[in-house]
Amino acid sequence: MASELRWIRSSYSGTGGNECLECASTGTTVWIRDSKDAGRRLEVSLTSWLAFVSTAIRT
């Protein structure tokens, strides 16, 4: 499943392309990976991801 994901990189990433997190969504889960180590991934529920983003925006 993870190999079929469409990874999105932040527009704030550096021009080198190796200094950011990338995210992909299945609709029910969000996958997160480090661009320097694309083989290691973290999967979280969409609900958890939205709570994280909401908190990050407020701080």
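Predicted model: local features only at pLDDT ≥ 70, side-chain atom pairs only at ≥ 80, totals over all residues.
The overall layout comes next. The protein has four strands and one helix, and along the sequence these follow the pattern β-β-β-β-α. The four strands form an open sheet in the order E1-E2-E3-E4, with antiparallel pairing. At the edges are strand E1, residues 8–9, and strand E4, residues 37–45, each of which pairs on one side only. E1 is joined to strand E2, residues 21–25, by two bridges, and these two strands run antiparallel. Ile-8 has Cys-23 as its bridge partner in E2.

The helix, H1, spans residues 46–58 and lies across E2, E3 (residues 29–34) and E4. The angle between H1 and E4 is about 95°.

Side chains of opposite charge can pair when their charged atoms come close. The count of salt bridges in this model comes to three. One of them joins Glu-22 to Arg-9, with the closest N and O atoms 2.4 Å apart. Because Glu-22 lies in strand E2 and Arg-9 in strand E1, this pair ties together parts that are 13 residues apart in sequence.

Is Glu-22 buried or exposed? Its relative accessible area is 5%, which is under the 20% limit, so Glu-22 is buried.

Glu-22 also forms a salt bridge with Arg-33, where the closest N and O atoms are 2.5 Å apart. Here the link runs between distant parts of the chain, from Glu-22 in strand E2 to Arg-33 in strand E3, eleven residues apart. Arg-33 has a relative accessibility of 14% and therefore counts as buried. Taken together, Arg-9, Glu-22 and Arg-33 are linked in a network of salt bridges.

Another salt bridge is formed by the side chains of Asp-37 and Arg-40, at 3.8 Å from N to O. Asp-37 counts as partly exposed, at 33% relative accessibility. Arg-40 has a relative accessibility of 62%, which is over the 50% limit, so this residue counts as exposed.

Strand E3 also holds Val-30. With a relative accessibility of 4%, Val-30 counts as buried. Which residues is Val-30 in contact with, leaving aside its neighbours within four places in sequence? The list consists of Cys-23, Ala-24, Ser-25, Leu-42, Glu-43, Val-44, Leu-46 and Trp-49. One of these, Glu-43, is 13 residues from Val-30 along the chain, and the C-alpha atoms of the two are separated by 5.7 Å. Cys-23, also in that list, is the residue that bridges to Ile-8.

Some totals complete the description. Of the 59 residues in the protein, 24% are buried; Glu-22, Arg-33 and Val-30 are among them. The accessible surface of the protein comes to about 4500 Å², and carbon and sulfur atoms account for 54% of that area. Among the contacts with a separation of 6 or more, 14% are between residues 24 or more positions apart.

Notes:
Residues numbered from 1 in each chain as written. Heavy atoms only, no water. Pairing = 2+ DSSP bridges. Contact = heavy atoms within 4.5 Å. Axes fitted to C-alpha atoms, helices over the stretch in contact; angles between N-to-C directions. Salt bridge = Lys/Arg side-chain N within 4 Å of Asp/Glu carboxyl O. Buried < 20%, exposed > 50% of the residue type's maximum accessible area, 1.4 Å probe, protein only. Areas by Shrake-Rupley, 256 points an atom, 1.4 Å probe, with all protein chains shown as cover.
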